[in-house]
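This report describes a structure shown below.

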Amino acid sequence: MKRVSRSTWDSLVVPRRCVCGNPITLNNLLSSSFSTSSRSSLPISSRSTSSIATVVRPSLKPRASRPFHTSTSLSVVPKLLPTQSAKLAALHGRLKLPNKFPLMTLGRALIDPTAESQNHLNNDSLAHLGNVLLGYYTSEYLIVRYPRLPYEIVKTAMNGYIGPRALAAVGTEWGVEAAFAPGETVDPGLLQFNRLAPGTPYMTSKNSVAFNIPRMRKRMVPNFEHNPTAEQQLADEPPEVRAARELQQKSGIVAEAVPLEAAMANFVRATVGGVYLHSGGLSATKEFVHSHILSRKLQIDKLFQFEQPTRELSRLCVREGFQQPIARLEKETGRYSRHAVYIVGVYSGEEKLGEGQGGSLPEAKLKAAISALKGWYLYSPVPSSDLPSKTDGDPTIPFIPAIIDVGDVVS
Amino acid sequence: MVVKGIQAVSKAQNGVGAFILQCKRLEFNFCEAGGSSRGMKAFLKHRLADFARQNPQVEMVVAPRPHKHPIIRGVYINNREKVVCVRNLAVLQVLQKAELLRDASGVKIKKINKPVQSLNDSVRGIWSPYHATGTDVYKV
């Protein structure tokens, strides 16, 4: 992939930035800045720019919410093809996507369904494909690496790696910027979506159908966006809001506007889908997901929240046929002082399962049980087993299967 | 009795997997008439094409800035900007400044005292007075 730029800096009378914040001069100057082939010849005359720009892009339908009128073609702000956008080419280069990955697909991944309702022009289908692939590679990675992880923790870790917040962070760290509003004149290298108006609740229900309800007048609306327990809020919502939501769900209307986080996450999913379609199938996708998503840091041991760790440890020992766990005080200091410290070890027969330190005996005992349970759940085989996706291309390849534990301790 | 999950979001470790260059845009501003832009204009004519070709991950912007000294502005992924004035510089010096901005991370300049910065826990572990034995109790 080559980028070239031309030095036609004279006779520039256009304003430097357009409404969307992207430099217009750049678009004029670097209209030929990207060529997917390995063509090395630089100059394309600026006459050809205008001829290319007049090609009608299958573009967005006009919306009333746009801050500027876009039905008439402005002579200053050119309509750019995705292959003409320097931003898009730079993003392509930043992600080190191969030449096989066309700029058109990357440009399409940046168009949210709220900006363009026609499915062959927006990233909806690509995002669905990418979501499936992300789920596949993340779940197999977690389950093979931590075969004893409880199901709840697997779900939480999946959310930590490929949830909307994590994917939105990935997209932001790829340097993707969002357009102020979708429109024909927006640079194809910007994320286009319809922004959710401030104060509008946005929720994702259990079957992940996004919906939003206009804010009612003179009424405080709780902020659902940052509340992890959306289901709890759904249970407490007033009847008229519920009626409106159910009507919206039944009619099958998709969300008209989304927050930036959701749109950015959709873009990352769509990019993964595009990698699968263009960059060489499953193996390239696996490499992409592992290098961009799974290489991030998520502390799995910080995801646990135990309700009754001592009881759970006791049940675990019964299930596994160990001797019953006994907590023993190992060390203490300052029992009658203001800051007593106790160190408690939990033993099963001769084996020490865990150790905890606390300001009181019950606290130290609980921490010892938690330490023992985490030691069990976070077991990771040292010569790591192969991921099932290793055999995706070639079923005859040598494969070390993972041993998956029976699951959570339930009592 | 169930284990509950505490929601968390993974943190970026740039370069552990993929490496994303932090400079996303370089803007080259010059004055058509001013003498201090002579080196900059020569850079734009003769060097910028090669420079852009070698750095496909950076968006290059060329824009006039009349009656001012020439500058190069780097825009970074953390939404900060770094601006270098290149008045009266020769072509190669302008190229050096462009490379400096390209390689910068965009974070505020700060003194780094520790040799290693990492999200991972220390391999050696934290010293505990309750587990050290003998004279090690007094060795921190």
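How many residues does helix α13 of chain A have, and how far does the helix reach from its first C-alpha to its last? The model is predicted, and in it α13(A), residues 361-377, has 17 residues and reaches 24 Å, close to the 24 Å expected at 1.5 Å a residue. Buried residues of α13(A) include the run A364(A), K365(A), L366(A), K367(A), A368(A), A369(A), I370(A), S371(A), A372(A) and L373(A), and Y377(A) is buried as well. Among the elements of chain A that cover these buried residues are β5 (304-306), α12 (309-320), β6 (325-333), β7 (341-348) and β8 (351-358).

**The sheet of chain B**

In chain B, 4 strands form an open sheet with mixed pairing, in the order β3-β2-β4-β5. β3(B) and β5(B) are the edge strands, each pairing on one side only. From one strand to the next, the twist averages 15°. Strands of a sheet pair through backbone hydrogen bonds, either parallel or antiparallel. Strands β2(B) and β3(B) run parallel and are joined by 6 bridges; R25(B) stands opposite E59(B) in β3(B).

| Element of chain B | Residues |
|---|---|
| β2(B) | 23-30 |
| β3(B) | 59-64 |
| β4(B) | 71-76 |
| β5(B) | 81-85 |
| α3(B) | 91-103 |

Helix α3(B) lies across β2, β4 and β5 of chain B, running at about 150° to β2(B). The UniProt record, an unreviewed entry, places "domain: Ribosomal protein/NADH dehydrogenase" at residues 32-105 of chain B. The end C-alpha atoms of that span lie 31 Å apart, and the span is 39% helix and 23% strand.

In soluble globular proteins, nonpolar side chains tend to be buried together. Here the largest nonpolar core holds 102 residues, of which L191(A), F267(A) and L26(B) touch the most other members. Helix α10 of chain A (residues 260-278) provides the largest share of this core, 10 residues. Leaving aside residues up to four places away in sequence, L26(B) touches V58(B), M60(B), V61(B), I72(B), G74(B), A98(B), L101(B) and R102(B).

Which element gives the most to the side of chain A that touches chain B? In total, 58 residues of chain A are in contact with 39 residues of chain B. Elements that each supply at least two residues of this side of chain A include β1 (2-3), α1 (24-29), α3 (86-94), α7 (164-173) and α11 (281-292) of chain A. Helix α6(A) gives the most, with 7 residues.

Definitions and conventions: Residues are numbered from 1 along each chain as its sequence is written. Chains are lettered from A and ligands numbered from 1 in the order in which they are written. This is a predicted model: local features need pLDDT of at least 70, side-chain atom pairs count only at pLDDT 80 or more; totals for chains, interfaces and linings use all residues. A nonpolar core is a set of buried Ala, Val, Leu, Ile, Met, Phe, Trp, Tyr and Cys residues joined through C-beta atoms within 7 Å. A residue is buried if 20 or more other C-beta atoms lie within 10 Å of its own, exposed if 12 or fewer, and partly exposed in between; C-beta atoms are placed from the backbone. Two residues are in contact if their C-beta atoms, placed from the backbone, lie within 7 Å. UniProt positions are given in the numbering used here, feature names are shortened, and annotations may be inferred rather than shown by experiment. Two strands pair if DSSP finds at least two bridges between them. Axes are lines fitted to C-alpha atoms, for helices over the stretch in contact, and angles run from 0 to 180 degrees between N-to-C directions. The expected span of a helix is 1.5 Å times one less than its number of residues.
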